[in-house]
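Colleague: I'm new to this one and would like a walk through it. Could you put it on the screen and then take my questions as they come?

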Amino acid sequence: MATRCSFCGRPGAEVRRLVTSADGEAAICGACLERGRDTLNASSKPPPRALRVPTPREIRKQLDQYVIEQEAAKRTLSVAVYQHVKRLQHPEADLQKANILMVGPSGTGKTLLAQTLAKALQVPFAIADATTLTEAGYVGDDVENIVLRLLQVADYDVAAAERGIIYLDEIDKIARKSEGPSITRDVSGEGVQQALLKMIEGTVCHVPPQGGRKHPHQELIAVDTCQILFVCGGAFEGLDEIVRRRVSVSRVGFQVDADDGDDKVAGAEVLPEDLMAYGLIPELIGRLPVTVRLHELSEDALVDVLTKPRHALVRQYQEAFALDGVELVITEAALRAVAARAQTRKTGARGLRSVMERTMGELMYEVPGGDVTRIVVDVEDLDEPLRALERAERRRSA
């Protein structure tokens, strides 16, 4: 009778269990049984579902549900992402990756656009902040930690992560600070741009599974970034002045229409030389061939942001009050006043919540547990929300 495992060769005294064949000539230990079971289970799993390729019009329709205005940006992104998915579906085709650079003020929807794209495509999506990156050997994050975030979102499924999207925010913050000499090394500027080049273009990154700096005796995970779509975004404050100098808006004469000059700058295409003048290195610009420009939101657009998207702020407040059995109504005049106040803060749509919270926070403190059934918020209630509470409809007592 067999006294050792026929697969691993370990004797019966060293294994937890030894199962012999009917004739006693062969045996298998418990560890080899478990490995065999795992192999069978893995082979019986269905193949990964192929990505459906949404058309650019379908992608644009999805973006319209969440992002107000920015029509040109949505069209450009829809086409770029469509080509990305087609490239994933047809690896045999010789299609090059077209990474994207989004340029626009804070609060114009750059991050939201990237998040909505990932949701529409049903691929892993991760957000990284370029301001935390430094050159190897300095305090801060290695560029490989960007890929680690995507790997974590994909539950460490390397194949899924290699089809994902990474949004790298604040890319403008790693621009070269100046052309002049400096006595200190710019460890978060041009050096980081150089480190990003290969990753964005496509290479095999060796990522530490727990993050942090790599060290020689650490186990690393290999991730191929050739198929990962990189979407970079930044406010690029001061870029308008660079574009203005390039378009050479004429100011000769006694009557100069400044608004017309601003319109020309806002509508002008951002060229590689503008980004180079801002401080991005030519090699990085070349790896971000699709440039999308977003404009500041108008007051009308901010009102739409409050009410129209699927996750609109007003809808969120109304749903929160509805859970307490209260109907919330905000007048058109109040919405316009909120939009006007947010516009003065120069933070785009991000300023809307802070303005609204000042009023809604007071009401959300007072209303729950009371007898209010309907409350209407008007312009005069934005600064004195308790006035709206005084006019509120209340439940009749029995």
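Modeller: What follows goes through the sheet, a helix, a loop and some charged pairs.

Colleague: Before that, what sort of model is this, and how are residues numbered?

Modeller: This is a predicted model, in which local features need pLDDT of at least 70 and side-chain atom pairs count only at pLDDT 80 or more, while totals for chains, interfaces and linings use all residues. Residues are numbered from 1 along each chain as its sequence is written, and side-chain values use heavy atoms, with hydrogens and water left out.

Colleague: OK, the sheet. In what order do the strands come?

Modeller: The order is β4-β5-β8-β3-β9, which makes an open sheet of 5 strands with parallel pairing. Strands here are DSSP runs of E with at least two residues, helices are DSSP runs of H or I with at least four, and both are numbered from the N terminus; two strands pair if DSSP finds at least two bridges between them.

Colleague: And which strands stand at the edges?

Modeller: Those are β4 (125-129) and β9 (290-293), and since each has a single partner strand, one side of each is left without a neighbour in the sheet. On average, neighbouring strands of this sheet are turned by 20° against each other, direction ignored.

Colleague: How many bridges join β4 to β5?

Modeller: There are 5 bridges between these two parallel strands, and D129 has D169 in β5 as its bridge partner.

Colleague: Which strands does α4 lie across?

Modeller: Helix α4 (residues 110-121) lies across β3 (100-103), β4, β5 and β8, and runs at about 175° to β5. For such angles, axes are lines fitted to C-alpha atoms, for helices over the stretch in contact, and the angle runs from 0 to 180 degrees between N-to-C directions.

Colleague: Switching to α7, how far apart are its end C-alpha atoms?

Modeller: They are 17 Å apart, which agrees with the 16 Å that the 12 residues of helix α7 (residues 190-201) should span at 1.5 Å a residue. The expected span is 1.5 Å times one less than the number of residues.

Colleague: Which of its residues are buried, and what covers them?

Modeller: In α7 the buried residues are G191, V192, Q193, L196, L197, M199 and I200, where buried means under 20% relative accessible area, exposed means over 50%, and partly exposed is in between, with a 1.4 Å probe and protein chains only. Their cover includes α5 (144-153), β5 (165-169), β6 (204-207), β8 (229-234) and α11 (282-286). Just after α7, G202 has a positive phi of about 130°.

Colleague: Where is D172, and is that residue buried or exposed?

Modeller: D172 sits in the loop between β5 and α7, and its 5% relative accessibility is why it counts as buried. Contact means heavy atoms within 4.5 Å, and beyond its neighbours within four places in sequence, D172 is in contact with G233, G234, A235, F236, E237 and Y278.

Colleague: What does its side chain make a polar contact with?

Modeller: The side chain of D172 makes a polar contact with the side chain of K173 (3.0 Å). A polar contact is a pair of N or O atoms within 3.5 Å; within protein, one must be able to donate a hydrogen and the other to accept it, and residues adjacent in sequence count only if both atoms are side-chain atoms. A polar atom of the D172 side chain also lies 3.1 Å from the backbone nitrogen of F236.

Colleague: How many salt bridges does the structure hold?

Modeller: The structure holds 19 salt bridges, each being a side-chain nitrogen of Lys or Arg within 4 Å of a carboxyl oxygen of Asp or Glu. One of them joins R60 to D64, with the closest N and O atoms 3.2 Å apart; both residues lie in helix α2, 4 residues apart, which is about one turn of the helix.

Colleague: What about R336 and E299?

Modeller: R336 and E299 form a salt bridge in which the closest N and O atoms are 3.4 Å apart. R336 lies in helix α14 (residues 332-344) and E299 in helix α12 (residues 299-307), so the pair ties together parts that are 37 residues apart in sequence.
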